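This report describes the fold, the helix packing and the ligand surroundings of one protein model. Please consult the sequence and the structure shown here while reading.

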Amino acid sequence: MDGVKSTQEVSRLSQEEVKDLIHQSHEAKKFSYSPYSKFRVGAALRTLDDRVFLGCNVENACYNLGVCAERNAIAKAVSDGFRQFKAIAIASDLNDQFISPCGGCRQFMREFGCDWEVYLTKSDFSYKKMTVAELLPDSFGPEDLSKKKMSNIPSNL
Ligand SMILES: O=c1ccn([C@H]2C[C@H](O)[C@@H](CO)O2)c(=O)[nH]1
Ligand SMILES: [Zn+2]
């Protein structure tokens, strides 16, 4: 096809890129500020144009203000003007199960599309690949706020 790649092809990572993203998520974990849970999490987010943003969980003495690693990585990218993502890798110290993102982070990922990759890892860097859609089926997203889809909208809105 004359070297022209479809969006689908362009957005997939090579094995080497997957390994690298996973490695970076484990590096990001080292900055985790988690004195309360002692549960370190790191995330590495790769944009469509191949930049990588890192995040870690940041807890707080006011417990409920803590922020997850995934959300921090996404917020960093969006704050720098990047909203299109290929993949995110998530790392914890769990060695017997893959880290599983919380519901809030799944929704946060979904805001920027359903069809991108999430690499859930173990401490030995092994991984399970999922998509945002698989992690959050039948999700609610920005498209659902379209007024065209609504009926009986009160006139005072
Ligand atoms: O996928 C996850 C799961 C948990 N945490 C954080 C939140 C909290 O700081 C600690 C324990 O839940 O781990 C994340 O950052 N990402
Ligand atoms: Zn979370």
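From the N terminus on, the elements of the protein follow the order α-α-β-β-α-β-α-β-β-α, giving five helices and five strands. Helices (H or I, at least four residues) and strands (E, at least two) are DSSP runs, numbered from the N terminus. This is a predicted model, in which local features need pLDDT of at least 70 and side-chain atom pairs count only at pLDDT 80 or more, while totals for chains, interfaces and linings use all residues. Residues are numbered from 1 along each chain as its sequence is written, and chains are lettered from A and ligands numbered from 1 in the order in which they are written. Taken along the principal axes, the box filled by the C-alpha atoms of the protein is roughly 55 × 55 × 30 Å.

**The sheet**

Five strands form an open sheet with mixed pairing, in the order β2-β1-β3-β4-β5; two strands pair if DSSP finds at least two bridges between them. Its edge strands, β2 and β5, each pair on one side only. Neighbouring strands are turned against each other by 20° on average, direction ignored. Helix α2 packs on this sheet and touches β1, β2, β3, β4 and β5, contact between two residues meaning that their C-beta atoms, placed from the backbone, lie within 7 Å. The direction of α2 makes about 140° with that of β1; axes are lines fitted to C-alpha atoms, for helices over the stretch in contact, and angles run from 0 to 180 degrees between N-to-C directions.

Strands β1 and β3 pair in the antiparallel sense over seven bridges. One bridge partner of note is Ser 92 in β3, which is paired with Val 41.

| Element | Residues |
|---|---|
| Strand β1 | residues 41-47 |
| Strand β3 | residues 85-92 |
| Helix α3 | residues 69-79 |
| Helix α4 | residues 103-110 |

**Helices α3 and α4**

Helices α3 and α4 pack at an angle of about 25°, and their axes are 9 Å apart. The two are therefore roughly parallel, a term for angles under 35 degrees. In the contact, Glu 70, Arg 71 and Ile 74 of α3 meet Cys 105, Phe 108 and Met 109 of α4. By class, this contact has four nonpolar, no polar and two charged residues; Ala, Val, Leu, Ile, Met, Phe, Trp, Tyr, Cys and Pro count as nonpolar, Asp, Glu, Lys and Arg as charged, and the others, Gly among them, as polar.

**Ligand 1**

Around ligand 1 there are 15 residues, of which Ser 37, Phe 39, Val 41, Asn 57 and Cys 68 come nearest; a residue is near a molecule if its C-beta atom, placed from the backbone, lies within 6 Å of it. The shell has nine nonpolar, four polar and two charged residues.

Conventions
Parallel < 35°, antiparallel > 145°, perpendicular 65-115°, else oblique.
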